[in-house]
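Open the structure in your viewer and keep the selection tool at hand.

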Amino acid sequence: MKSALARAVTVFLTATAVTLTGVGVASAGGPGGSGSSSTTSAAAQVQSLRDQLVSRADDGDVAGTRVTLTDLDPVLTDLAQGNRYTIQAETRDKAATAQHDTTEAREGVDRLAADMKARQSLPPVSALLNALLQRVLISLSALVNDLLGGLPVPVG
């Protein structure tokens, strides 16, 4: 119950932050963003996928976690390469770090999925998923923060 409330508050605060910054960011970029609405949109997409990861990991949904990690890849590639979004080098580096962390987490989730039948005495799947995703979630939060120009991003 507590995590569901925290997630709801996180989604609300993120939506509020994106809404409030959307108009201002479109005309005047902050230190971490390009000043375009596409950068704000990318931040919202990364935050949404991050929230999906948290939710699916909390539920122990291995297949859903794999799908969300796969969905993150093209977004992070676009951000890391800087071809689609005009962002600072430091933000591109954070996107590259998040992409690397996502790849490692996906490999761990793939191993977990393969070992599901043999893991009768191991910790719950949700605990293992949360452990695998910690670095990804931290990287994604830092990336969203930079894309929004340094505004605080709620972490659920």
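The tour below goes stop by stop.

**Before you start.** This is a predicted model, where local features need pLDDT of at least 70, side-chain atom pairs count only at pLDDT 80 or more, and totals for chains, interfaces and linings use all residues. Residues are numbered from 1 along each chain as its sequence is written, and side-chain values use heavy atoms, with hydrogens and water left out.

**Stop 1: the whole chain.** Show the cartoon. The protein has five helices and zero strands. Helices (H or I, at least four residues) and strands (E, at least two) are DSSP runs, numbered from the N terminus. Along the sequence the pattern reads α-α-α-α-α.

Of the 156 residues, 39% are buried. Buried means under 20% relative accessible area, exposed over 50%, and partly exposed in between (1.4 Å probe, protein chains only).

Contacts come next. A contact means heavy atoms within 4.5 Å. Among contacts with a separation of 6 or more, 69% join residues 24 or more positions apart.

**Stop 2: the core.** Select L53, L79 and L140. In the largest nonpolar core, which has 30 residues, these three touch the most other members. A nonpolar core is a set of buried Ala, Val, Leu, Ile, Met, Phe, Trp, Tyr and Cys residues joined through side-chain atoms within 4.5 Å. At least two residues of this core come from each of α2 (37-59), α3, α4 and α5. The biggest contributor is α5, with nine residues. In soluble globular proteins, nonpolar side chains tend to be buried together.

Stay on L79. Which residues does L79 touch, not counting those up to four places away in sequence? They are A42, V46, Y85, I87, R92, A95, L143 and L147.

**Stop 3: helix α5.** Select residues 125-147. These 23 residues should span 33 Å at 1.5 Å a residue, and the end C-alpha atoms are 32 Å apart, which agrees. The expected span is 1.5 Å times one less than the number of residues.

Where is the kink in α5 centred? Go to L133, where the kink is about 50 degrees. The bend at a residue is the angle between axes fitted to the seven residues ending there and the seven starting there.

Colour the buried residues of α5; among them are L129, L133, V136, L137, L140 and V144. An α-helix has 3.6 residues a turn, so residues three or four places apart point the same way. After α5 comes G149, whose phi is positive, near 80 degrees.

**Stop 4: salt bridges.** A salt bridge is a side-chain nitrogen of Lys or Arg within 4 Å of a carboxyl oxygen of Asp or Glu. Seven are counted by this rule.

Select D110 and R66. Their side chains meet in a salt bridge, 3.0 Å from N to O. This pair links distant parts of the chain: D110 sits in α4 (residues 89-114) and R66 in α3 (residues 62-81), 44 residues apart. D110 is partly exposed at 32% relative accessibility. R66 is partly exposed too, at 35%.

Move to R84 and D78. The closest N and O atoms of this salt bridge are 3.3 Å apart. R84 is exposed, at 57%, while D78 is partly exposed, at 24%. Next, select E90, K94 and D146, which salt bridges with shared partners join into one network.

Finish at D51 and R50. Their closest N and O atoms are 3.6 Å apart in a salt bridge, and both residues are buried.
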